[in-house]
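Here's a quick tour of a sheet and the helices that go with it. Have the model open as you read.

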Amino acid sequence: MLWETPHHTFDLSRRAAIMGVVNVTPDSFSDGGRFIDVDAAVAHALRLAAEGAEIIDIGGESTRPGADPVPEAEELRRVIPVIERLALHSTLHTRHSTFCLSIDTMKPAVARAAMAAGAGIVNDVSGLRDPAMIGVAIQTRAAVIAMHMRGTPRDMQAAPRYDDVCAEVRDFFRQAYARCLACGMIAERIAFDPGIGFGKALEHNLALLRNLASLRVADRPLVLGVSRKSFLGKVLGTTALEDREWPTVALTGYGRAKGANVIRVHAVRPNVEALRMTEAILPPAAS
């Protein structure tokens, strides 16, 4: 299972990758405002890479429930200096491991500028619905993550309903895959994310996790992002953000056993350790 970026090809057949999150935003649900400064964001990203993150996902627009869109110029101002700095580090032989940069955006112009600055992956929470985003990805040879989201961040949690959430997410992946191929994208650049917490109630999130392996389309990688999300607190009966860390680690191991190939997290080291321990246990056919 190969996943191709312009700079690196990930072989995810037996070994999953950890994607570390760097939110360059004032209002993200988990760490809003902590890394809005370029120096702070770069230092944090390098810490995540040193702890084992093979992908660093840079986001300049919060996609928490109820979030308002950010103007294109402001999103560019937030993310491009960070990507430019990190692109230099990612190619140097230092104490930091090499890593691939991802841009978390729904805007084609931001994706294009990020790729020019050194990113290799476009992580689109709107699922590549915009043909212009597919065009940017093809022209820049970006690897892509098409995520399923019902609605927009502003309204996605307003009583989401599904007849069969797993079937609907799988059908969305199939349609996105066919659309990308029809536009000329090669299959090896495409990955999918079921969008845990994006337009889903608690029961939908649990059903997707329970049936994760059934969501795979055309043997493409599955990306799983559950880190610190509110449904963890609902299961445990707590509203404290810190209480979501160990459930995240548990779901990293569980998600890998169920077939996830890229795990998106905020705290890298404990999740890397859970991932590698799980992979040591998995039988060869499952790993």
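## Around strand E6

Asp 104 sits opposite Asn 123 in E6. Another bridge partner pair is Ser 102 with Ile 121 of E6. Strand E5 (residues 100–104) and strand E6 (residues 121–124) pair in the parallel sense, over 3 bridges; pairing here takes at least two bridges found by DSSP. Helices (H or I, at least four residues) and strands (E, at least two) are DSSP runs, numbered from the N terminus.

On the other pairing, E6 and E7 run parallel over 4 bridges, and Ile 121 has Ala 143 in E7 as its bridge partner. From E6, Ile 121 and Asn 123 point one way while Val 122 and Asp 124 point the other, and all are buried (under 20% relative accessible area, with exposed over 50% and partly exposed in between; 1.4 Å probe, protein chains only).

## Where the numbers come from

This is a predicted model: local features need pLDDT of at least 70, side-chain atom pairs count only at pLDDT 80 or more, and totals for chains, interfaces and linings use all residues. Residues are numbered from 1 along each chain as its sequence is written, and side-chain values use heavy atoms, leaving out hydrogens and water.

## Crossovers and the whole sheet

E5, helix H3 (residues 108–117) and E6 form a right-handed β-α-β unit, and so do E6, helix H4 (residues 131–140) and E7. Right-handed means the path from the first strand over the helix to the second runs clockwise, with the strands pointing away from the viewer.

Zooming out, the open sheet has 8 strands, ordered E8-E7-E6-E5-E4-E3-E10-E9, with parallel pairing. Its edge strands, E8 (190–193) and E9 (223–224), each pair on one side only.
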